[in-house]
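Please have the coordinates open while you read.

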Amino acid sequence: MTTETQQEADGAGAQSSSDTLTVTDNRTGKHYEVPIEDGTIRATELRKIKTHEDDFGLMTYDPAYMATASCRSEITFIDGEQGVLEYRGYPIEQLAEQSSFLEVAYLLVHGELPDRKQLDEWTHEITIHTFVHENIKEFMQGFRYDAHPMGMLLASVGALSTFYPEATAIKDEEVRYIQIIRLIAKMPTLAAFSFRHNQGKPYVYPDNDLSYPGNFLSMIYKMTELKYEPDPRLEHALDVLFILHADHEQNCSTSAVRSVGSSQVDPYSAVAAGVAALYGPLHGGANEAVLRMLQRIETTDNIPDFIEGVKRGDEKLMGFGHRVYKNFDPRAKIIKQAVEEVFEVTGKNPLLDIATELEKIALEDDYFIERKLYPNVDFYSGLIYEALGMPVEMFPVLFAIGRTAGWIAQWLEMIDDSEQKIARPRQIYTGQRGLEYVPIEKR
Ligand code: SDX
């Protein structure tokens, strides 16, 4: 940044290059040129705009980071206006159609698609790490019978950090690689254990003969049969859902993983922070909230009254709207197709009629059109999960299984990014100052 007085600037007829911002501080008449890089200015450049020497300088104020880029990333690209989503440059539609979740997880973590040998090794490593320490089982049995599975997942992922204390060596590439394998491998096991606990059923151990989604279905549904045989259509639908949920650039839970990870804590603790953020109904908890909303609407006849309530501000149309997408969430379109595949096996869920009618009405209503509210990833996913026999509490847990691949890829990128350091935002202080302490007897 360069500074000139207003007179110098006017006199010299300063011709700034096209990649700069010219700022005039009217408090001092000083003139600043701020470089523009990748559509942003470095907030720290603003600190040079001062009214006097010991002034801290200007900062930006951006609650909820509506217009703040926190990092450079090569992992996921989203164009919110066009409804585009790409993982490492590959369109989500192609990956959902042609890839598998484990291959996508490899792509997100390593930055390129694996060859056959790499994919086989990756799959083998993950398959042989699906078991968790028996103490984890005992730990999970300490929860109330009706504990929310997301709360159980949050706690048990964090607990994994106590079983692998070496995971704090986050700069050691070999050590962190095995933690990455463990996290991807063990999330379905922890998720299934929390489901079985919630159902009061014995836990089912991983079956390493099955695929990643197939093994998850086995740990969820296996009862007295010697070997669970997943329906390939359900296995495929679940795999596609894991792909669609794998990453989504700097969403709330990924930002939590990056922020907590910036303190150089182990990856289990950082991912546990992501699980906690995803638990919220405005984020990963929305798929659970959508199902409850559809169940509450009950029939298509009730939709007009419900929509009026939303427009009055009584509640939100859960599964609609997005901070980035101001067009259709491409994932919602793909999930809507996957719904049909699952219903072939499970029979049609009557709530689908309410969801499609709700979508149709909302997309024609000015309230939603003006606010650019379209169905997001959570609007239809719950219908598939319910059709798979999952209780609504499990829906955000299924989201977390897929998102673990993205959390880890983003955590890795943050750790290796030389521009990053411990995340510690500033504030605008609005409280009182310089008060005298008053003894309690005088208050
Ligand atoms: C996910 O970030 C990600 O990428 C997230 C995610 C991922 O993959 O990680 O895509 C996954 O979390 C999807 C979003 C799931 N959440 C929901 O479906 C919950 C319902 N949606 C909203 O809460 C909301 O749309 C958000 C949280 C998703 C986005 O909120 P923003 O960007 O802060 O937008 P906003 O709340 O400022 O809304 C702008 C306007 C407001 O109206 P006004 O105050 O201007 O009159 O739109 C309204 C909002 O009230 N609005 C809604 C609405 N969403 C926004 N009104 C009714 N129903 C809704 N769903």
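1. Let me start with the second largest pocket, and with who lines it. Helices α2 (92-98), α9 (232-244) and α14 (330-346) each supply at least two residues of its lining. The largest share comes from α14, with six residues. Helices here are DSSP runs of H or I with at least four residues, strands are E runs of at least two, and both are numbered from the N terminus. Please keep in mind that this is a predicted model, where local features need pLDDT of at least 70 and side-chain atom pairs count only at pLDDT 80 or more, while totals for chains, interfaces and linings use all residues. Residues are numbered from 1 along each chain as its sequence is written, and side-chain values use heavy atoms, with hydrogens and water left out.

2. How much space lies in that second largest pocket? About 230 Å³. A pocket is an open set of points on a 1 Å grid over the protein atoms alone, where a 1.4 Å probe fits, with protein on both sides within 12 Å along at least five of seven lines; lining residues have an atom within 4 Å of a point. The volume is the space filled by probe spheres set on the points, which are joined across faces, edges and corners.

3. The lining of the second largest pocket includes E93, H236, K333 and E341. By class, the lining divides into five nonpolar, three polar and four charged residues. The classes are Ala, Val, Leu, Ile, Met, Phe, Trp, Tyr, Cys and Pro as nonpolar, Asp, Glu, Lys and Arg as charged, and the others, Gly among them, as polar.

4. Now for the overall picture. The protein chain has 18 helices and six strands, and its C-alpha atoms fill a box of roughly 85 × 70 × 55 Å along the principal axes. Of its 443 residues, 48% are buried. Buried means under 20% relative accessible area, exposed over 50%, and partly exposed in between, with a 1.4 Å probe and protein chains only.

5. On to the strands. Strands β2 (residues 20-25) and β3 (residues 30-35) pair in the antiparallel sense over six bridges, where pairing requires that DSSP finds at least two bridges between two strands. V23 has Y32 in β3 as its bridge partner. Four residues lie between the strands of this hairpin, and G29 there takes a positive phi near 75°.

6. Strand β5 (residues 84-87) is joined to β6 by two bridges, and E86 stands opposite P91 in β6.

7. Aromatic rings deserve a look. A pair of rings is described by the distance of the centres and the angle of the planes. Rings of Phe, Tyr and Trp (its six-membered ring) pair if their centres lie within 6.5 Å; planes under 30 degrees apart count as stacked, over 60 as edge-to-face and the rest as tilted. The count comes to 18 aromatic pairs. One of them is edge-to-face, because the rings of Y106 and W122 have centres 5.4 Å apart and planes at 90°. This pair links helix α3 (residues 101-110), which holds Y106, to helix α4 (residues 116-127), which holds W122, 16 residues apart. Both Y106 and W122 are buried.

8. F139 and F143 give another edge-to-face pair, with ring centres 5.8 Å apart and planes at 85°. Here F139 is partly exposed at 36% relative accessible area, and F143 is partly exposed at 25%. Elsewhere, ring pairs link F320, Y367, F368, F379 and Y380 into a cluster.

9. V157 lies in helix α6 (residues 149-163) and is buried, with a relative accessible area of 0%. V157 and M187 are 30 residues apart in sequence and 7.8 Å apart in space, C-alpha to C-alpha. L119, found in helix α4, is buried at 12% relative accessible area. L119 and Y374 are 255 residues apart in sequence and 36 Å apart in space, again C-alpha to C-alpha.
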